[in-house]
Amino acid sequence: MNKRTLHAVAVATTVALVTVGCSGGHSGGGQGGTDRKNPATANEGAVVGGTPQKGGTLTVLSNQDFEHLDPARNWVVNAMEFGTRTLYRTLVTYKAAPGAAGGELVPDLATDLGTSSNGAKTWTFRLKKGVKYEDGTPVTAQDIKYNVERSFSPDLPGGADYAARYLAGAEGYQGPAQGKHLDSIKTPDDHTIVFELRKPFAEFPNATVMPTFAPVPRAKDTGPQYDNRPFSSGPYKIESYQRGKKLVLVRNTHWDASTDQVRKAYPDKLVMVMGLKPNQIDDRLIASQGADASAVSWGALRPESAAKVLPNAEVRKRLIAESTNCTDMIQMHTGRAPFDQVKVRQAVQYALDKELVLTASGGPAFNELSTAYMPSTLFDGKQPDTLKIPAAGDAEKAKQLLKEAGKPDGFTTKMTVSNGDKGRAEAIQQALGKAGIKVVIETVDPSAFYGTIGDTKNRTDLVYTGWCPDYPSGSTFLPFVFDGRYIKEKGNSGNHSLFRDAATMKRMDEIAAMTDAKQAAAAWQQLDGEILAKAPAAPVLVRRWPLVLGTNIAGAYGQTSFGGQLDYATVGLKDPSKSQG
């Protein structure tokens, strides 16, 4: 999931920091295991509401539209989860289960997890028979090849780029529009697809969870307009989609449950209502009256709503709050003055008051501070603290670094944030201001955020964003965030610091070539600290993804492999007759 960058949708303007039994531990991001002292984690790793009954309408309340539903472009963690659980299937996916079990790979369109040969440079997948699109036509291997190819198209930016990084002969490929195809993807028959890689990649099955490896029939491709109406191979199809207003999904009657061990498809209909105010969503779900009893939230609970939820035992029973496993960061434009100077970037690291940001983000119940780039799951459960910067920052040290960089009077800069991150941005603004760095905040609607910061020529010096590993490997984190060879002028993702460091990239290649997984994991951990010292970005925190459920919701849990987002493969209703719509 690697634009597994996480959309920020919780608004933090005034903060009620709830301390009812909250854990005070603020070090290390996304710690594994349930903290029983934290009232937000009582349901961690559990299914809330029991087993759903089939039928009814599940309502999703949202303050935003999707950035992309086109599987070639869908690389934001919560949208990927929604798309691959409802509308389209991929070669391989994650098991529908709470807790650690949700990290298990299971076949989806494929009959197994793929077969490697040629030293893990060739991967073969055989497709299940009987899988059909919404019009009853069969899903073929050629359709998967076509979607992988179209993900290279310049007019379809934003998607996962595993194919570009690993497929042989992919350099310079611009997609299938001119009748050109990748020889490194072979489809000897309708039910067999073979990928030829330019280097060994033992983790390739994990990459095929990405929507890039979902099928798109060439006859249904509408280019950039495909975002508005993806053709379904999953249990639901789009009945109507008014951008920014409403999405209605109804059953794909040609979906065959016997071919699908993951998706339960309990509701008859899913209705996403967009454009709502986040405070309204929180209050409606806390109250859970009428139709809202059969509703869930798309975005995370606002930090200031914590005071209405955590002290209330009845509402807490309906709260899920898994770790996102994603690290929030301030990424600095290393190719533009003054952030081309390492001491200026280090000054930002020292000036940052993470405690202030934590408070603005809802406090320790919903967040843990980060002292490294990769989350704790990639550090055997606890992030190291190699820089030893106080959690509240060190403004005097930051001022000294600025003086050494020739900026004794500080400077003014701009930072782009998603609307939902404004409160966090204001905390950062306040902290950096104490060191003489004046930050002007530019907010962007979540649905346009990644397109804005991905425009490398016109973006601001600073961006506040996050990254999540697609699976438990450093190879899905550091190369995507800090390898300068994959920076794009438009649609850039991951490396928003535009960091181009020869020694770092050389070491990445050396680690990628390691065949011993433990040796590679240790090497990624060491490289994390080495990059941190060069300061292209300042890690801030790892959030939980708190969601309050309506009282009629069943089968609910946060999917740990999709950033803690509600698993739409299994969620449904206790009593479908009580739903409306």
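Reader: Which is Asp161, buried or exposed?
Author: Here buried means under 20% relative accessible area, exposed means over 50%, and partly exposed is in between (1.4 Å probe, protein chains only). This is a predicted model, where local features need pLDDT of at least 70, side-chain atom pairs count only at pLDDT 80 or more, and totals for chains, interfaces and linings use all residues. Residues are numbered from 1 along each chain as its sequence is written, and side-chain values use heavy atoms, leaving out hydrogens and water. At 9% relative accessibility, Asp161 counts as buried.

Reader: Which side chain meets Asp161 in a salt bridge?
Author: A salt bridge puts a side-chain nitrogen of Lys or Arg within 4 Å of a carboxyl oxygen of Asp or Glu. For Asp161, the N to O distance is 3.1 Å. The partner is itself buried, at 8% relative accessible area: it's Arg165.

Reader: How many residues apart in sequence are the parts tied together by Lys308 and Asp283?
Author: Their side chains meet in a salt bridge at 2.8 Å, N to O. Lys308 sits in helix H6 (residues 306-309) and Asp283 in helix H5 (residues 278-287); helices are DSSP runs (H or I, at least four residues), numbered from the N terminus. So the pair ties together parts whose separation in sequence is 25 residues.

Reader: How many residues are in the largest nonpolar core?
Author: Such a core is a set of buried Ala, Val, Leu, Ile, Met, Phe, Trp, Tyr and Cys residues joined through side-chain atoms within 4.5 Å. Leu91, Phe195 and Leu478 have the most contacts inside the largest one. Its residue count is 66.

Conventions
Helix = DSSP H or I, 4+ residues; strand = E, 2+ residues; numbered from the N terminus.
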